[in-house]
Structure formats: structure tokens, C-alpha cells
Amino acid sequence: MDTFNDNYKKRMSNTYEDEEERKHFQRIISAFKHYKPHSLQRVRKTENYLASLPQHHQKLLLNYREHLQQVKVRIEHNAEIIKLITRGASSIFENVNPLDEHDNTLNSRPILADQEKVQATIKQLIRDWSIQGIEERKTCYQPIIDEIIHQFPSDECDPSKINVLVPGAGLGRLAYEIAKRGYTCQGNEFSLFMLFASYFVLNKCREVNSFKIYPWVHQYMNNLCSSHQTQDVSFPDVNPSDLPENAQFSMTAGDFLEVYHEYDHWNCIATCFFIDCANNVVQFIETIYKTLKPGGIWINLGPLLYHFSDMPNEDSIEPSYEIVRQVILGFGFKIEKEQTQVKTRYAQNINSMLQCEYNSVYFVCRKPNKQSIIDSKNDMLDINGQSDNIKIDCDNDHLNNHDIHEEAI
Ligand SMILES: C[S@@+](CC[C@H](N)C(=O)[O-])C[C@H]1O[C@@H](n2cnc3c(N)ncnc32)[C@H](O)[C@@H]1O
């Protein structure tokens with residue numbers, strides 16, 4: 001099964017006729033290509049400093065020196081996996097070979113931010129496709145999957161007729177899990193780092209735990225034991241091609257805001273750690289609202305770590321959840337479930353002495369059916385009134401574990 005469907009290929013080939021996009025593609029390939037020299041250079045810098053320390057210090061640090069050797073071996077191994085990932089990259093595209101070996105972008109100096117993205121992609125493999133990622137997936141993906149099953153139970157509808165979109169799909173595990181349960185599910189992603197890696201997992205990995213990677217090898221700090229840094233993780237924990245015969249699963253590449261224009265199309269849109277990826281979160285919410293069918297639901301889970309906040313040359317607004325909520329209601333959504341303080345983690349090394357946890361927000365909201373939309377347009381005061389009726393009590397958070405009923409609104 002080729003998970004990257006024709007739509008995907010067509011869109012990519014059209015897009016990549018564009019010279020800018022082609023250069024972008026080359027840059028990401030180049031970032032993957034520079035992974036090994038860049039990462040080894042980092043270790044060598046430490047080794048050089050170590051070699052300059054007084055002899056009696058070096059003697060005390062013999063095990064550390066040996067550990068750095070191990071780190072280098074692990075980096076070499078990761079580089080082999082990266083080669084496999086990039087090898088398939090150009091075959092994602094139809095009628096076009098975006099790789100131009102003469103393009104000197106391929107050999108130019110790596111951009112630091114891109115190297116961080118290569119490392120983040122490796123860690124994302126653990127979140128999405130390893131046994132070690134189970135806890136994260138249980139807290140982040142399971143509530144979304146459970147809600148879809150609750151909203152569209154297979155004894156009341158034909159799941160294959162339910163269209164679910166997962167924008168910002170990362171490496172595709174959430175979308176895969178939804179498709180596995182019989183729903184027609186499309187993941188959408190615009191990062192080529194993620195797209196290359198998900199293409200590799202979804203289309204090239206055919207056996208459980210057939211590969212291993214060293215996801216924490218770049219984490220030089222907060223290690224309790226040296227072995228925590230050099231620990232391997234196997235992937236994928238499931239066979240990604242193990243989908244039911246009739247499963248409808250696809251991935252599209254491109255900016256969510258540009259790819260999805262069709263009004264009233266999706267029965268459900270599921271966003272996980274996504275809405276804060278917008279320059280303008282209102283535009284994301286607007287697109288979700290427009291593209292959902294009347295009566296369709298939007299399920300969201302995640303924090304508000306606005307990705308463009310304080311980034312040079314990027315615009316950003318950073319409304320609090322209290323305000324985001326008003327925007328959601330302002331478009332006409334009815335919030336049906338809402339929970340704050342949902343403890344979630346993102347690509348965390350559980351052995352690290354530094355742990356980061358989000359108090360995420362989870363909500364389920366519904367685009368009203370056609371008649372309600374007409375009614376509410378005729379009565380805008382109701383919508384405005386609604387946003388005033390439920391307020392986030394920021395001092396005394398009362399929004400934990402709420403099923404919100406129409407009457408409350
Ligand atoms: C924080 S990650 C979350 C990934 C996944 N949902 C998860 O929970 O692991 C956000 C993802 O959204 C993607 N993304 C951000 N803005 C996007 C956009 N406008 N269109 C499509 N994907 C986008 C990013 O590339 C990134 O992979």
C-alpha cells in the first residue's frame with residue numbers, strides 16, 4: 001500500500017516546479033546529509049577540550065572519554081538510518097526529480113536550526129513509532145481516538161464513510177491509528193523533515209522493530225548514567241502496513257491553509273499539538289470551521305507554545321487560551337467537552353534529569369448544523385452572549401474535566 005496518495009504526489013510535483021520550493025527541498029536533503037559531520041564535529045570539540053585538560057583530570061575522566069567514543073559510534077549508526085530516509089525522499093514526487101546534484105545548496109554549510117530539526121525528527125520517531133512512546137501516545141492520541149469512536153460508533157455508522165483530517169500530522173501515527181479503526185483518515189504535514197521520515201516509516205518499514213536509532217545521543221546534559229545518552233530505541237513498534245484491507249489512509253504534503261479549501265468536507269478534524277503552529281491561530285480556526293461539515297466535530301489537544309513567537313522575521317500573535325476560546329465560539333462552534341491541565345509530554349527522554357510537561361487543553365467542539373448556522377447568523381447576540389457565559393477562571397481553574405452541555409452555554 002502506498003500511503004502517500006496521488007493527491008500528495010500531484011500536489012508535490014506542482015509545487016516543486018517552483019524554483020524556491022526546489023531549493024527548499026535541496027536544503028532539507030542537505031541538512032540530513034550534514035547530520036553526520038555536524039554531529040561528529042560537536043563531539044570532537046569536547047574531545048579536543050578534554051585532551052587539553054591536566055593529565056590527572058584526564059585520568060579521572062577515562063570513562064568519559066570512552067563514552068564519547070560510544071557517542072560517535074551511535075552517531076554513525078543514526079547517519080545510516082538517515083541515509084535510508086533520504087534515499088526514498090525523491091521518490092515521493094511524481095514526474096519530477098527535485099534532487100539536482102550540481103546544486104551547491106547540497107554542500108553548503110548546514111544551518112543550525114535545520115540540524116536541530118533533524119534531531120527533533122529522530123526524537124519524533126520515538127514518540128510515534130516506538131514502544132517507548134506508548135505513554136505519550138496514551139495521553140496525547142488516545143483521548144482523540146476515543147472521542148472519534150464515541151462520536152462515530154461503528155454500530156451506528158459505516159466508519160469508512162467518516163472523513164477525518166489530521167493537520168500537522170508529524171510522523172503520522174495518530175492518523176494511522178484512526179485509519180486502523182476503519183475511518184477514512186488523511187494526515188497533512190508541511191515539514192519535509194517529517195514528510196521524508198514518515199514516508200520511510202509508512203512505506204518502507206515492513207517488520208516490527210526492524211530498525212534501531214539512538215534518539216538521545218545529542219543530549220549531552222542531564223544524563224544520570226552515560227548509558228542513557230547512548231541508549232538505542234527500536235522502531236516501528238507495529239508494522240505500518242498492517243492496516244485492514246479496506247483502510248483508507250493517506251498523507252498530503254503542504255501547508256494546511258493552502259491545501260484545504262473545500263467547504264463542508266470533513267466529518268472530523270483532529271489537531272494534536274498543532275494550533276500553536278500558526279502565525280495567526282485565528283486563521284487555523286477559521287479554516288477548520290469552514291472545511292468541517294455542518295454538524296462535524298473538531299477535537300483538539302495541546303498547549304499554546306506559539307511556534308513563531310519571538311522568531312526573527314516572523315509575525316506572530318499569542319492569544320491566551322481564554323481568548324482562543326472566545327475566537328472558537330465567535331466562529332460559531334459549540335464547545336461540547338473541555339478540559340484544562342491535561343498532563344502531556346512531547347518527545348521526552350524519560351531518563352533525563354530535565355523533564356518538561358505541558359498542562360495541555362483538550363476540547364471537542366461542533367460546527368452547528370445548517371439550520372443552527374442560519375439561526376445564529378440571525379442572532380449574533382446569542383453567539384456573543386455565549387462567549388461571555390463561560391469564562392476561564394484563571395485564578396480558580398474550574399474547567400477541569402467538563403462535559404459542557406448546550407444548556408450551560
Ligand atoms: C508540534 S508538531 C505535532 C505533530 C503531531 N501532531 C504530534 O502530536 O506528535 C506540529 C506539526 O505540525 C506541522 N505543521 C505546522 N504548521 C503546519 C501547517 N501550516 N500545515 C501543515 N503542517 C503544519 C509541523 O511541521 C509539525 O510536524
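The following legends describe close-up views of a predicted model.

Residue numbers start from 1 along each chain as its sequence is written. Because the model is predicted, local features need pLDDT of at least 70 and side-chain atom pairs count only at pLDDT 80 or more, whereas totals for chains, interfaces and linings use all residues.

**View A. Residues around the ligand.** The shell holds 18 residues, of which Gly 168, Gly 170, Ser 191, Phe 256 and Cys 277 come nearest; a residue is near a molecule if its C-beta atom, placed from the backbone, lies within 6 Å of it. Two or more residues each are given to this shell by β2 (184–189) and α12 (256–259). Helices (H or I, at least four residues) and strands (E, at least two) are DSSP runs, numbered from the N terminus. By class, the shell comprises 11 nonpolar, four polar and three charged residues, where Ala, Val, Leu, Ile, Met, Phe, Trp, Tyr, Cys and Pro count as nonpolar, Asp, Glu, Lys and Arg as charged, and the others, Gly among them, as polar.

**View B. The cis peptide bond between Phe 235 and Pro 236.** Omega of this bond is about -10°. Pro 236 belongs to the loop between β4 (233–235) and β5 (248–253).

**View C. Positive phi at Asn 209 and Asp 264.** Asn 209, a residue other than glycine, has phi near 50° and is situated in the loop between α10 (192–204) and β3 (211–213). Asn 209 is partly exposed, because 16 other C-beta atoms lie within 10 Å. The cut-offs for this term are 20 or more other C-beta atoms within 10 Å of a residue's own for buried, 12 or fewer for exposed, and partly exposed in between, with C-beta atoms placed from the backbone. Asp 264, likewise not a glycine, has a positive phi of about 50° and occupies the loop between α12 and β6 (266–272). Asp 264 has 13 C-beta neighbours inside 10 Å and therefore counts as partly exposed.

**View D. Packing of helix α6 (residues 112–129) and α10.** The axes are 10 Å apart and the packing angle is about 40°; axes are lines fitted to C-alpha atoms, for helices over the stretch in contact, and angles run from 0 to 180 degrees between N-to-C directions. α6 is therefore oblique to α10, since angles under 35 degrees count as roughly parallel, over 145 as roughly antiparallel, 65 to 115 as roughly perpendicular and the rest as oblique. The residues of this contact divide into seven nonpolar, two polar and one charged.
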